[in-house]
Amino acid sequence: MKYFFEILPSIATGLQMTLGVFFITIVGSIPLGILVSLAMRSPYFSVRWLVNGYIWLMRGTPLLLQLIFIYYGLAMVGISFSRFDAAAFAFIINYAAYLAEIFRGGLQAIPQGQFDAAQVLGLNKVQTFFKIILPQVIKIVVPSFGNEVVNLVKDTSLIYVIGLGDILRAGSIAASRDVSLVPYLIVGLMYLAMVAVVTVALRRSEKRLSAWR
């Protein structure tokens, strides 16, 4: 326990960075994913082609490679990001692509009759989407969305590649310095705790949303 409290400050600092990337990705990727999913249903072929190309690129290349390209590669052509901004940008555009596919599936699950009924009631497209369609889509996609959130908790460990001090980097430094695996054990337990919190929160959300039947 004495050793645990010795390395706790550095682990706590790393946890702060991990949670920062996690929350900014959630906040940024959800609205972007919804917009991309709507663009995939656009009547214009050029829009659908561009959006599908973006999704293909994001899903077809590793997130680690995207991080390296955004932080190191773009700097070579004069586009520079801070380490945190590069991580946030890479995570948001990556997860937005996955969420777009999830939201697209949710939109396709809504019967056409829902759209027709909204039109009969005199609702415009914006009102139809936010008042009728989106609440139903949220209920449908919660399980798949939950899987992506759990993956996001673990994927935040990739930010070490651009030098950000997350909990894994803090644990690695302590393990190398002290020649001990205990820091890795602590980091592993912290990841398990975060995943447990996210899982419980999502299951409670599913139970509340089930009341909409």
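In the predicted model, a search of the whole structure finds six aromatic pairs. One of these pairs joins phenylalanine 81 and phenylalanine 89, whose rings are stacked, with 5.5 Å from centre to centre and 15 degrees between the planes. Phenylalanine 81 counts as partly exposed because its relative accessibility is 27%. Phenylalanine 89, at 36% relative accessibility, likewise counts as partly exposed.

The rings of tyrosine 95 and tyrosine 98 also form a pair, with centres 6.4 Å apart. Tyrosine 95 and tyrosine 98 are about one helical turn apart, because three residues separate their positions in helix H4. Tyrosine 95 counts as buried, at 4% relative accessibility, whereas tyrosine 98 is partly exposed, with a relative accessible area of 26%. Ring pairs link both tyrosines, Tyr95 and Tyr98, with Phe91 into a cluster.

Phenylalanine 91 is in contact with several residues beyond its neighbours within four places in sequence, among them Val21, Thr25, Leu63, Leu67 and Leu152. Further contacts of phenylalanine 91 include Asp155, Thr156 and Ile159.

Phe91 also belongs to the largest nonpolar core, which has 55 residues. Phe91 is listed there among the residues with the most contacts inside the core, together with Ile55, Ile133, Val137, Val153, Ile162 and Val198. Elements that give two or more residues to this core include helix H1 (2–39), helix H4 (83–108), helix H6 (125–155) and helix H8 (182–209). The largest share of the core, 12 residues, comes from H4.

Definitions and conventions:
Residues numbered from 1 in each chain as written. Predicted model: local features only at pLDDT ≥ 70, side-chain atom pairs only at ≥ 80, totals over all residues. Heavy atoms only, no water. Core = buried A, V, L, I, M, F, W, Y, C linked by side-chain atoms within 4.5 Å. Buried < 20%, exposed > 50% of the residue type's maximum accessible area, 1.4 Å probe, protein only. Helix = DSSP H or I, 4+ residues; strand = E, 2+ residues; numbered from the N terminus. Contact = heavy atoms within 4.5 Å. Phe/Tyr/Trp six-rings, centres within 6.5 Å; stacked < 30°, edge-to-face > 60°.
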